[in-house]
Every structure is written in C-alpha cells, then in structure tokens.
Amino acid sequence: MSVFEEQDYKKRFDWQLWKKLFRYLKPYKKHLAVLGVVVIILAGIDTVFPLMTKLAVDSYIVPRTFEGLWKFGFLFALLVIVQAVVVWLFIAIAGKIDMGICYDIRKRGFERLQELSFTYYDRTQVGWIMARMTSDISRLGDTIAWGLVDMIWGFTMMLAMAVVMFVLNWKLAFLTLSVVPVLAVLSLYFQKKILKWYRIVRKSNSRITGGFNEGITGAKTTKTLAREQENLREFQAMTSTMYHSSVRAAVLSSMYLPAVLTLGSIGTALALWYGGKGVLAATISYGTLLAFISYTVQFFEPVREIARIFAELQSAQASAERTLSMIETKPDITDSAQVIKTYGTTYSPKKDRWPEMAGNITFRNVSFAYSGGQKVLTQFNLDVKAGETIALVGETGSGKSTIVNLACRFYEPTEGEILIDGVDYRERTLLWLHSNLGYVLQTPHLFSGAIEENIRYGKLEATDKEIEGAARLVNAHNFIMNLEDGYQTDVGEGGGRLSTGEKQLISFARAILADPRIFVLDEATSSIDTESEKIIQEAIEQVLAGRTSFIIAHRLSTIRSADRILVIRDGRVIEEGDHHNLLKQKGYYYKLYTNQFMDEQETRLINA
Amino acid sequence: MLKRVKLLLSFMKGNRAQYGGAIIAVGLATLSSLLIPLIIRIVIDSVIGDTSMQMPGWILSFFQYIGGKSFLAKNLWIGGIAIVALTILRGMFLFLKGKWSAIASESFARRMREQLFDHLQYLPHDYHVKVQTGDLIQRCTSDVETIRRFLAIQFIEVGRAFFMVGAVLPIMFVLDVRMTIVSMIVVPLIFGFAIVFFLKVKSAFKVSDETEGKLSSILQENLSGVRVVRAFARQAYEIDKFDHINGQFRDLTYRLIRLLAWYWGISDFMCLMQIGTVILLGTYLASQGMISLGTFFLFSSYVGMLLWPVRQMGRILTDLGKALVALGRIQEIFNEPVEDMKIGAHRGSIKGNIEFKNVSFAYDDGKKILKNISFSVQQGQTVAILGPTGSGKSSLVYLLSGLYDYDEGSIEIDGVELRDIDRKWLREHVGIVLQEPFLFSRTVKENIGLAKKDVRETEIVEAARIAAIHDVVLEFDKGYETPVGERGVTLSGGQKQRVALARMLIKHYPILVFDDTLSAVDTETDAAIRKALKKRSNKATTFIISHRITTLSDADIILVLENGKLTQSGTHEKLIRQRGLYKRIWSLQSALEEELDGDGEHERTSGEFITKRKG
C-alpha cells in the first residue's frame, strides 16, 4: 500500500537544493534568454492594451474626430500580431525547456540507477523509484519552466502597469494600488491553506487506491471470510475522509476567489470615485479613467498566479529533494580509479586489456552484513575450481543467495576477499566479471519485445544463426517455431504471454548465447509438468557444461547432478559433499532430501 | 451512449438540488458581473458626462428622489460602492456555486467509489480469478476522477457560457445593433476553430500519453530486471534504450505543446482582432456621437467576457469525450452480474454432516469440471482429497461454501439443501483456507483476528500456536504488532499460509477446508499442525486437499478425483488394497527407501525413475 502513499515534506525553502536544480537549466541558457525577452514583451503588451483604449478615448472620441483613425487601427493590428507571435514563442520555448529539463533529469536518474548496487534495490521499492522518475520529474519540469516564467511575467506586468499608472496619475495610482499588499498577504494565506487541504485530499486519494487494490486482490479471501460488509464499512471511512477534505478544499478555493474579486473591485471603485472626480474637475482625462479601471481589473490576475506558484513551490521542492537524493546516491560498489585507468569504464571499456577468465573462485574469510548490521555470513571460506558445479541447498534466509550475490559482486564482502583466478575481484572491473557471467533467475525476467531480441540480450552482435543455435541447444527452437510469428513473436510485458517453462528456456538460450565462464542458476521451486522438466533439465546440463556454476537448487535432479553440494544454514556450511556422501551422513541433507523426494514424487505421480 | 448518460444521471441523483443551485448561482454570478460595466457606463455617461440616463422609469425616479445627477456627481463614491456591492454579490454566488458543485461532484465520486467497491466484492469468485487488477484499479480511480472533474468544473462551466451569451446579447442588442453584430462576427469562427482544433489534437495527446506509458514500462522492466541487466553487463544498452524512448517522449510531447502554442497564438490573434475591431468601430461611432463613451466602454468589456468561454469550448468538448469513455469503462464493471447472496434463506445451525448426491458442475463455458460426485461425511470426520491438477478438487470444496453453484444433483448439510442456505450464513460456517491466501496490509494480529469480532489476545496466540506460526511471529521485531506486506515484513509462501490458517482457526467453524493449504509448509510442520488440530476439543468436519501421503493416510475418508470423477473413495486400509492412484502414491515410500539404500546410483533424472516404477 505504501507505494500509493504520498510523502510529507519539509517546510523551509532550501536554497542549496534549488541551486543544484538550476544547474539543469544550463544547456538552455539561450532559450532562457529569449524566453526572458518574450515574457517581458508579453507583459509589456498586456500593459499597453488598456493604453490603447485610453488613446482611442482621448484622441478620437472626446475630441469627436476620426481623422487618422487608420493609424490607430494599424497600430492595434500590429500589437495583435506581435502578441500572437509572442504567445506562440512563449509556449513553444517554455515547452522546449520543460521537456528538455525533464529529459535531462530523467536521463541522469536512469544512468545513476544503472550504477547503484543491489543493496540499494534491496531497500528501495520499485514503485518509489518509478514515482521519482515519472511524476516528480514532471512536476519539476513544470515548476521550473512554466512556474518561474509565469512568475517573471507576473512581476514584469505588475511592475509595468504600476509604472504606467504612476506616470498617468501618481495620486490615483497610489490610491488604487493600496489594496495590493492586502491582496498579496491574503492570497498567500489562502493558497497555503488550500494547498494543505489538497495534500490531505491527495493522501486520502492514495489510500482509496490502496483500498481498491486490497479489495480487488483480496476479493476471493474476503468471500471466504464473509467479510464484505465490514470491508465496505472500512472503505466508506476512507471515501468519507476523502469527501470531507475535498469539499473543504473546494470551499476554501471558493472563498478565495470572491475575496480577491472584492478587493479588486475596491480598487475599481476607488478609481471610479477619485478618477471620476478628477474628470469632473478636468484634471484627469476620460481615457486615463478608463485605463485605470481596466488596470485595476487586470492587476489581480498576476497576484493570484504568483501566490499559486509560491504555494506550489513547496511541493516542487519536495519533488526536487527526493529526485536529487536518488540521483546523488553513491553506488556502494564501484571500480577504483586505478582499475578504471587500466581496464576502462562501463561505457568505454578497454576490452583488449582484459585478462581471460578461467573461472576459479575463492572465498577467503568472507563476512557479510547488510547495512542494517544484520550479519549473514561470518568467516566464510570456499574454493571452487574452474568448471565445477556447486549446488547450494538450505532454507529461505539461510544465506544461499548472499553467497551467490557475493560471487557475482552484486554485493561486496564487508570483510575478507573473493578471488577470481587468484586475484581479488576488486582489482578488475565490474564489467569484466559481469561480461563473463550467465544468470538465470527463479522467475525468469524477459523484456517486452520479440523472442529474438530477448535471446540477443546475451550477445548483442549475435547473428540470427547463433540465436537459433542457442535456442536449439536448450530445446526452445521447437516451441518457438510453433508460435505464430516464430522468433519475432512478442513476449508481452514481462514475458507475460509465455508460460513459466517457456520463459525459462528463453532465459537459458540467452545465457548460453553470452557464453559465460561463470553461471548462476536460481532454480524455481514451483513444480512444472514432467515433460517440460525433462526438457529444462537437459537445457541446464547444456548450459552448465564446462562452466563454473552456482545453483540455488530445489529440484532433486539438479541437486543430484552437482559436483558438490553445500548445505547452508545460518550462513555456514553445515554439510558438504556429493549426493551419496551426504545421504550417508544421515544428517540435515538426508532429512531435506527425503522430504523433498516424497513431495516431488507425489506431485509428479499424481500429475503423471 | 444513452445507457451511459443514464448511469451518469443515476449517480447524480440525490444531489439534484446542488446541481440546480450551482447552475442558478453561476447564472446569477454572471449576471452580477455583467452589471458592473453597466454601472461604470452610467457613471461615465450620465454622472460625469451629460448624456441623459436611459433606463426604466422607476430607477430614474429613484435617482431623482435622492438628488439627481448633481447629487451623484458630488458623491461619486456611490457608484464605487455599487460596484463593490455587486462584486460581493457576485462573490457570494460564486462561493455558493463552488460549494454546491463541490458537494455534488464529490458526493457523486463517493457514491460511485463505494458502489464500485461493493459491486466488485460481490462479483463471483470466477470473475476475480480472471480479472486484471491493474486495469480495474485504474477504472475505479482515475476514470472516476475524470468524470468527477468534468462534473465539478466543465459541467457548470457550460451553464455559465449559456448564461453569458444569453444575457450579454440582449443587453448589447438594446444598446447598439451594429456594435453587437461586429462583436459577434468572430465568435462562431473561434468556436469552430476551437472544436476542430481539439478534435485534431486528440491524436497528439494520445500519442504523447502512450509514449509516456511506454517510458514507464521500459523503466519498470529495467528496475524489476535489474539483476538480468547487471548479470549481462547491459547497462550501456539499457541506457541507449531508455534514452531513445525518453527522447521520443520529449519530442512528441514537445510537438503537442507546439500545437497548443499554435492554438493559443491563433485564437489570441482572432480574439484580439475582434476586440480591436470593436474598439475601432466603437471609436468611430463614439467620435461621431452615435454611441456614448460609456457604451463604448461597455462593449469593449463585454467582448472580452464573451470570448473567454467560447475559447474554452473546444477543451470542454474533449473533456466531455474523455468523461464518456471513462463512464463506459465503469459501466462495464457494473454490467457484470453479482453473486446472488439471497439465493436461500435458511439460517439454521450447521453441524457438519455433509452429503453429496450425484453432483455435477460445469464452468460457464460449458466445460464439465465435476461429474456425478456422491459421498457422505459425518460431523467431525476428516476427508482427504487427492487428484491431479485440474481434476476438480478445488471446485469440489468451493461448492461447499457457495463460491461455485452446482448444476445437477444435491448437496445437503445436516439434511438441508445447500442452495437453500443463506449464502453469507453458509460462508460464516465453512472456513476455507485458500492455496494462495491474501493477507491484508495490517498487523499480524489484526490479520489473524479478522474473522471474529472482539477477539481476545489469548485466542490469537492459541490459533497462531496451532498453525505453527507463533514462534515465527515472536522473532519479528514487533511481534504480533508487525505489519504484513510492503510496509512490514515480507512473509514466505508457507508463512502466509500459516497466518491464513490461524485466521480461520480463530473462529470455530463447523466445516473447515484446506485447499492444498499446507503445500508450501514442510512435511514436519504440516504433521505438527494436523496433530494440534486433532487435539482441539470441538472437532470440525475437515476437508484437506493434499498430495502428501502422510496427510492423506491420516484421514477418515479419502476421495480420489480424476478428470472430475470420483474414482476411489474409502479409508486408507481399503484403498491400499485397491489398484489405483492412491496405492501408487503409497508405494512411493518404499521407493524412497529403495532409493536411499541403492543410492540412486544409476538414476540421472527422477523422471526416468518414475517411468521405471510404473512399468
């Protein structure tokens, strides 16, 4: 449910944060400059239009002449054209900056995500990252591009209007503008309050989403518990909060607008009263009076805008904080400067300097603890010869996965070292190790796209022949050819259109194509039908042949065929040896095996 | 279409007063805002200027009464006060409009959310097996929101536009026909332009939205596949892939923004040209004395007021389209028929004697799942069900709690036909633990206590003990107060099953069903749980679906289901003397012993092993 939740955030204006953010504006300096000019012109024109009315009144209507009216018409048309062009420019440029910034931040974020280690992914939910990369970044682009520009527009326009008003008649200007400070304070007050309520609305909205999520995914369970009425009552509590806070927020907004309008009308009234007196006394022209009346109405639009933007800055700041904190997270596992100098970076590797890998792996006094301090491995030693197949068995949480993750350098040891071909793997690049790594997960992960693309993931420059060869090797070719579009069949999001067994086979083909020295298999617990199991078993044997392999094993057939079995419990190897020796010990493995044997055979027999 | 509008109206019911009130309020607010330029006109023309007032007699006599022009001219503030007063009036109406339309639209949303939630809960089990959660949530949340926004903002806005045009036109016509006609020239043009433009731009909106969707799914796939990406060292490739879609999204959205720039640029041009024309003509007419200065001012104000809502029309129409689509998607949910909870009315006590007589059951698509099943169970007995995947085991037990309805034959519980029992009552007496149980995102304690009101702490602990989850829970930092799910601990499959089991044990159901519940629990724990269950004082009639011989052999009655037919039934002793699936399973134990003795030296895969045993 927490994925749906809104976070709360700090109140203070964080100048440092914004400075960092403004760095992203650098590539758009020129655009910004043009935009600045455009905005100022726009504000200027907005100020000039009421003056045009004044001009019409004072030069033509009052003197009762239309001589030279065409000039006026021409000028007006010119202004209109400029306005249209400027509006176009304004939207186009602000849009360009908005999209550009979003693109840049997103790109930077994605690059950082590719560098962060698994410890980051272990403690961060995918949903959280998604929210940062999508809605937060959009909000930032919005605020920076449009918000700031609107603010500049507002201030420029207010300034220009104030100047014009003072020039026209400073006393009248002073009088009518006296409402502005009141308006500013009022606006800020209201906007903050309104925003506060909208935040509550958003929160209860997330809760309702969570409620629906639970209601729908838990529907079957709800039926068995006959709990429909209680669930509805609980859900109604959420919708009720939502209702009350939404209405509250809307009522506040509905109060704010009349307040602004009333204040504005006081300005108009003052202009009419004092200006009218001036007209009667012939100290003020009709045109000036009308211009003032227009200005008092126009003046309040930017005040409202600015107040809104100020209020929104707070939530934009929260977005900035979260996004930047993600981008600035330091990856735990990186190559040292020395290593990069010798072997290159991930993006420009110096492959010619890479040593061949044989595949001997040694754990030497390795300890590992999560950042929370929870110790998983203590003084762990293991020697794996090139080409050997190691099966790791044990309960969930025993440390099997940690061992594999350490071997792959997805985690690094907190103490001790891991040697590959006799050299501490930290003296080589991550890319070198990972380029020599094959990895098949318990729940195989495929990318949406064609089967062919998915297999090619193992070796980007592979020919179609190589791809087919890999598929044949793991017995995937036949089922692929039976699909409608063969190798071009779209697997759907997450490979959803294929069965688990089929996904397994494709992920094997992908791994084989990569031709790794080290192979890791995290085996599925779920039983599949005998036919596919046989196929998969053969595929596994193909993949493992001649490579150093780690298998987090569940199926007896794989366990039995391993060169060495390690029984792991609480981060230690409690039994070790091949299948026969371990059975003879009649220890933990024996128990595990007999239970597993019965379970597996029963299921198999029933479904045979 | 008509049906959708009907649905919309049915949810709007109950707030008719607010909708009506909001529309009237917005009308009155519009009227008050139209009066202000009129007042300014009077002040300019007749108080400051010399034109005689043209208005209904009674107002004129009122002005005469208070002192006529000279009095008003001396007290110009009266005009000012009138403006402020009218604005306050307008503000009040606007406030009422805002409040009422908020109440109306929020009630709408609330009603719709609640009914959706309730409807979904009562949709049959089968529906929930097939359903796509993400899509449903989308409909229940953002689609409802789309409609709500339309009702809250645009619906009333249309009313405002009508009032505006309806009120402005007559005033303008009365004042000057020529000016009115000129003021209206561009209106149809802008209206048409707005509609055509937004219809055209729809596809650009859609493309941008779709690309954003693609961007999210590529991101999502990268994040959930982070292990694969790293293991194949494909960071650079992934960055390129993301960069491509990221750039595409940027460009497509920018294209959309540019289109909007054209729209606002052109419509600004048209509107301002219109205003310019009015000013120009007004200036000419006024300079010739054909209209007054005040009228000139009035027209130039009204023109602006008129154009704004017209420009919004295109937007409103696109949003109306979106709202209708959303409504259609919601309607699809409501069109699904719900379970009939009131099929029977019997609410007598349920003890647990069960009799199946020639029961058959088929899915809606006609596929026969159960064929002619007959057996009977005494209160307190344990029934074990064995059979391959798809043999109908789960369907059989689902019939018991009315999750499915049988088509033929009869099921009697304590002599009462199951169909005649009130469904809620039935489910309150048949406790099913599903194979993949759902835990709610609350604490462990709350999850276990869910089925019973006012549950005591000791009951929870006792149930957890029997379900062999107590010790596990104590190891959590906050024990029973630990939240389950994303915000708390992530439980393994077996742990979830055991919590769900404890949840069922809290309530002493006379009939208990384990739908392969303990499959993810290891054999020993499984045995321990069954032992503890047996010790419970009031023994329930228990159905256990399992493939474990130890579990099966313990039962009073064993049912073997194959292809929807009951192929064997009876006690363990009886079944091991018959040829069949049960005996084959039973002989596995000796196979295991053999395997352990012989070390399985020759067996490469266990598949071969089975084939050999069978032959």
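Predicted model: local features only at pLDDT ≥ 70, side-chain atom pairs only at ≥ 80, totals over all residues.
A nonpolar core, as the term is used here, is a set of buried Ala, Val, Leu, Ile, Met, Phe, Trp, Tyr and Cys residues joined through C-beta atoms within 7 Å.

The largest nonpolar core holds 177 residues, and within it F90(A) and L272(A) touch the most other members. Helix α3 of chain A, residues 69-115, gives the most to this core, with 20 residues. If you click on L272(A), you can follow its contacts across to the other chain: leaving aside residues up to four places away in sequence, L272(A) touches I293(A) as well as I40(B), V43(B), L76(B), G79(B), G80(B) and I83(B).

From there, step back and take in each chain as a whole. Chain A has 22 helices and ten strands. Its radius of gyration is 35 Å, well over the 25 Å that the globule rule gives for 608 residues, so chain A is more spread out than a compact globule. Along the principal axes, the C-alpha atoms of chain A fill a box of roughly 115 × 65 × 50 Å. Of the 608 residues in chain A, 47% are buried. Among the chain A contacts between residues at least 6 apart in sequence, 80% join residues at least 24 apart.

Now turn to chain B, where you will find 23 helices and ten strands. For its 615 residues the globule rule gives 25 Å, but the radius of gyration of chain B is 38 Å, well over that value, so this chain too is more spread out than a compact globule. The C-alpha trace of chain B spans about 120 × 65 × 50 Å along its principal axes. Buried residues make up 43% of chain B. Counting contacts in chain B with a separation of 6 or more, 78% are between residues 24 or more positions apart.

How do the two chains meet? The contact between them takes 128 residues from chain B and 132 residues from chain A. On the side of chain B that touches chain A, helix α11 (residues 235-287) of chain B gives the most, with 31 residues. That side of chain B divides into 66 nonpolar, 36 polar and 26 charged residues.

For a close look at one place where helices from the two chains pack, find helix α5 (residues 126-168) of chain A and helix α9 (residues 186-224) of chain B. Their axes come within 10 Å and cross at roughly 145 degrees, and the crossing is right-handed. On the chain A side, the contact is made by V126(A), I129(A), M130(A), M133(A) and T134(A) of α5(A), while α9(B) supplies S216(B), L219(B), Q220(B), L223(B) and S224(B).

The axes of helix α2 (residues 16-48) of chain B and helix α7 (residues 133-175) of chain B come within 9 Å and cross at roughly 40 degrees. This crossing, too, is right-handed. From α2(B), the residues A22(B), I23(B), V26(B), G27(B), T30(B), L31(B) and L34(B) meet a set in α7(B) made up of I156(B), G159(B), R160(B), F163(B), M164(B), A167(B), V168(B) and I171(B). The residues of this contact divide into eleven nonpolar, three polar and one charged.

Most residues other than glycine have a negative phi. N365(A) has a positive one, near 45 degrees. It is found in strand β1 (residues 361-369) of chain A, and N365(A) is exposed, because 12 other C-beta atoms lie within 10 Å. A468(B) also has a positive phi, near 55 degrees. You will find A468(B) in the loop between α16 (457-466) and α17 (470-475) of chain B. With 23 C-beta neighbours inside 10 Å, A468(B) counts as buried.

In chain B, K535(B) is found in helix α19, residues 523-535. Is K535(B) buried or exposed? With 8 C-beta neighbours inside 10 Å, K535(B) counts as exposed. The C-alpha atoms of K535(B) and I466(B) are separated by 9.5 Å, although the two residues are 69 apart along the chain.

Terms used:
Residues numbered from 1 in each chain as written. Chains lettered and ligands numbered in written order. Helix = DSSP H or I, 4+ residues; strand = E, 2+ residues; numbered from the N terminus. Rg over C-alpha atoms; globule rule 2.2 N^0.38 Å. Buried ≥ 20, exposed ≤ 12 C-beta atoms within 10 Å, placed from the backbone. Contact = placed C-beta atoms within 7 Å. Nonpolar A, V, L, I, M, F, W, Y, C, P; charged D, E, K, R; others polar. Axes fitted to C-alpha atoms, helices over the stretch in contact; angles between N-to-C directions. Left-handed = near helix turned anticlockwise from the far one by under 90°.
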